[in-house]
Amino acid sequence: MLTAKEIRESFKEFFRSKGHQIVPSAPMVIKDDPTLMFTNAGMNQFKDIILGNKAAKFTRVADSQKCLRVSGKHNDLEEVGHDTYHHTMFEMLGNWSFGDYFKAEAIDWAWEYLVDVLHLDAGRLYATVFEGSKEEGLERDNEAAKYWEKHLPVDHIINGNKHDNFWEMGDTGPCGPCSEIHIDLRSEEERAAVSGRDLVNHDHPQVIEIWNLVFMQFNRKADGTLEALPAKVIDTGMGFERLCMALQGKTSNYDTDVFTPLISKIAELSGKKYGEDAKVDVAMRVIADHVRTIAFSIADSQLPSNAKAGYVIRRILRRAVRYAYTFLGQRAAFMYRIIDTLIESMGEAYPEIAKQRELIMKVIKEEEDSFLRTLENGIRMLDNAIAEAKAHGETEISGKEAFILYDTYGFPLDLTQLILKENDMTLNQAEFDTEMAAQKQRARSAAAVEAADWVVVNEGEQEFVGYDRSTTESHILRYRKIKQKNQEYYQIILDVTPFYAEMGGQVGDRGTLVAGEETIEIYDTKRENGVGVHLTKTLPTDPSATFIATIDKEARLATSCNHTATHLLHESLREVLGTHVEQKGSFVSPEVLRFDFSHFQKMTPEEISKVEKLANKKVREAIARDEHRNVPIAEAMKMGAMALFGEKYGDEVRVIRYGDSVELCGGTHVDNTGNIGMIKIISESSIAAGIRRIEAITGARVEQSIDDKNEMLRQLGSLFNNAPNVVQAIKKAIEENAQLREQAQEFMQERVNAIAHKLIVASTDVNGIKLMTLTGTRIPEVVKNVAFAIRAQMPEGAAFVAATTDATGKPLLTVMLTDDVVARGLNASAMVREAAKAIKGGGGGQPGFAQAGGKDAGNIVSAFEALVAAVNKI
């Protein structure tokens, strides 16, 4: 039986024998494509070739690509782990042809590899072909069917609809029919009872698609019409995990050696056995799947966060923690302990996870610890909501409350439902669903983009000349109108451009296009599918004119200063902190630079100062830029350049050297380091476990910062009568303030105790409870302290009700109940919530103490009377 490693290598070797160039997997996290956050298919790294924006260096290519999907057909995140063959992260084995071979070879080689090389049972294989579409004016893909008839009986060739058998890159762009290869893994008895043909594309767990052959032969325009592609493309993708299942005689991907080492480790750490309890099994599959996704994302420099790709990774990680918490009884971080097993299994094929081991483990552990605290907090909040509902005789929790727990605090809905069930309560599911639908609609509206067709003005490819020139004669190749968030703008692609398109953390250039008397402002330059796209609010009167394209030179110089400064800081950080320091992200604009790097503790002021001084020493040395373009990647490595994890490099790269600083970089840089003027680090912070961030400014902004601080010192001096030693004067003022504060607190406490005593003396008896009330204008903190002072002096049989306003007239309701009064049925939180309606406010707290604020002090008497009435009812 072939192992997963052997299967992966056999695929590459087969297509190498067919003249294909074997290329490495692109990073799973995509950084320079605004249309995608993750690599979700093998073709992603070839988009610019498929779209015609870049010539193919090799017309035949094959690889094993790490992919991530959390939405789309069969890829709802919440379903992963519940079946046997869907995943978040998966490997896609693929082969491509760019204008070379087409359907005949793609089908023949797929059959040869599966049947002749891997020896899969040909009788268990089925192929689907596009059945055609009357609406599109497309006939059945008889060409593909004819080629399949060489290998399969006619009843194993199945017509598929447009949904399953017509592949499209998006709403517009390259598309075409596809042919899926399915395999029937059922027992002989099951196959005899029901034909596999009847189960293809019907979500049967043992009759599954393993390979999709896409025949890109059309281009879809914005109006929905199709036109023929000038150069046809073959794009195939085979699910590696599914192939392993078929070859290893398993009925679940999770039973192959891709996952069994991980599941065994999870079982060992949790003390549970796989295969004895369905819910435990699901939990183990979820964790085994998700830990791969999380580890590979971190290795590609995408850390969990609350935004964009980072949010997706955090969501996946928290789903795994939730399953471990609920079904495996894990109350402490444990997923990070699975990483070594993952490295043993996949580290040879993907060495980045082995090299990033320490960082991956540290980030996962910190995220686990954080979410476990969130779970504990959420349970406390839910317990309070349950107690309040029961106090009102209710058995249902509001869907809005559950949604706030889910959306704001990250508390899982199914855990809410489980806890409610344990307390004989239910959730208003319809209300929750309404809130969820509203949130999704808001997200869709914010992300909606309406793009018109590209209007082609001239044919050709774009040439970037911005490393050498700030202005150039240029022509428009194509343009289109974009509508987004009720705004309209234009995207323009030039044939020759000096504008740097946003990439690698560096912002895009801005500037102008001038033709005659007309000037068009370019406010930003983005990179899409490997091409620089210039953004403008208006379109030139004559798009076919000859333009002078000019960048904003001042902004470009400031950006270049900041970019070169990141290189100098990187080198200085490695010299001061150690060679474990590696870049994990950056942002470079004309105003500021951010540099994220691996380091496991906060930098000391002395370390920051030392890094800054080393970097500025290199600035003063005015080191000239030593630039090498189109250098083979292997040669660049020999020059000492560092390749960053999570970056996709071509066969040829650009090397930037300033003395001992040698980096692979496509950004813009100064002619020599002296142009920077000076570097000043303005902050150092943590952005994730094991990842630090420094922010810095350069040049004129350092001068401005120094001027601002000198002015601040001058003003401070004047506040202290220009004392010769301002620091000493400030220390003295702080000490005197502390003494006065202490005296004020003592006086305030005496005042609080006096008020509490007075209220106790004046209290009234209500059914065995001493009721104390307070009204008028009061300091909110005093009211709270009075409540607790009364509790201290009367630990039993006491109720305190206050309806006060502060100095600004803002109303405040306060209720304190001793434990025995709560036991008799009163609930302070429920009381203030109800009474707060009168003052148009809200609040809450614990059964024994709660407060509520409001907007309408005019009805505070009514609120006060409601609170007193609630006590009188006991």
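How many disulfides does the structure hold?

A: This is a predicted model, where local features need pLDDT of at least 70, side-chain atom pairs count only at pLDDT 80 or more, and totals for chains, interfaces and linings use all residues. Residues are numbered from 1 along each chain as its sequence is written, and side-chain values use heavy atoms, leaving out hydrogens and water.

The structure holds 0 disulfides. A disulfide here means two cysteine sulfur atoms within 2.5 Å. Take cysteine 67. Its closest cysteine sulfur is in cysteine 244, 15 Å away, so that is too far for a bond. Cysteine 67 is buried, at a relative accessible area of 0%. Buried means under 20%, exposed over 50%, and partly exposed in between, with a 1.4 Å probe and protein chains only. Now cysteine 178. The closest cysteine sulfur to its own is 11 Å off, in cysteine 175, again too far for a bond. Cysteine 178 is buried too, with a relative accessible area of 2%.

Next, the helix pair. Helix H17 covers residues 553-577 and helix H18 covers residues 605-620. They pack at about 135°, with axes 9 Å apart. Helices are DSSP runs (H or I, at least four residues), numbered from the N terminus. Axes are lines fitted to C-alpha atoms over the stretch in contact, and angles run from 0 to 180 degrees between N-to-C directions. H17 and H18 are therefore oblique to each other. Oblique is what remains after roughly parallel (under 35 degrees), roughly antiparallel (over 145) and roughly perpendicular (65 to 115).

Key
Helix = DSSP H or I, 4+ residues; strand = E, 2+ residues; numbered from the N terminus.
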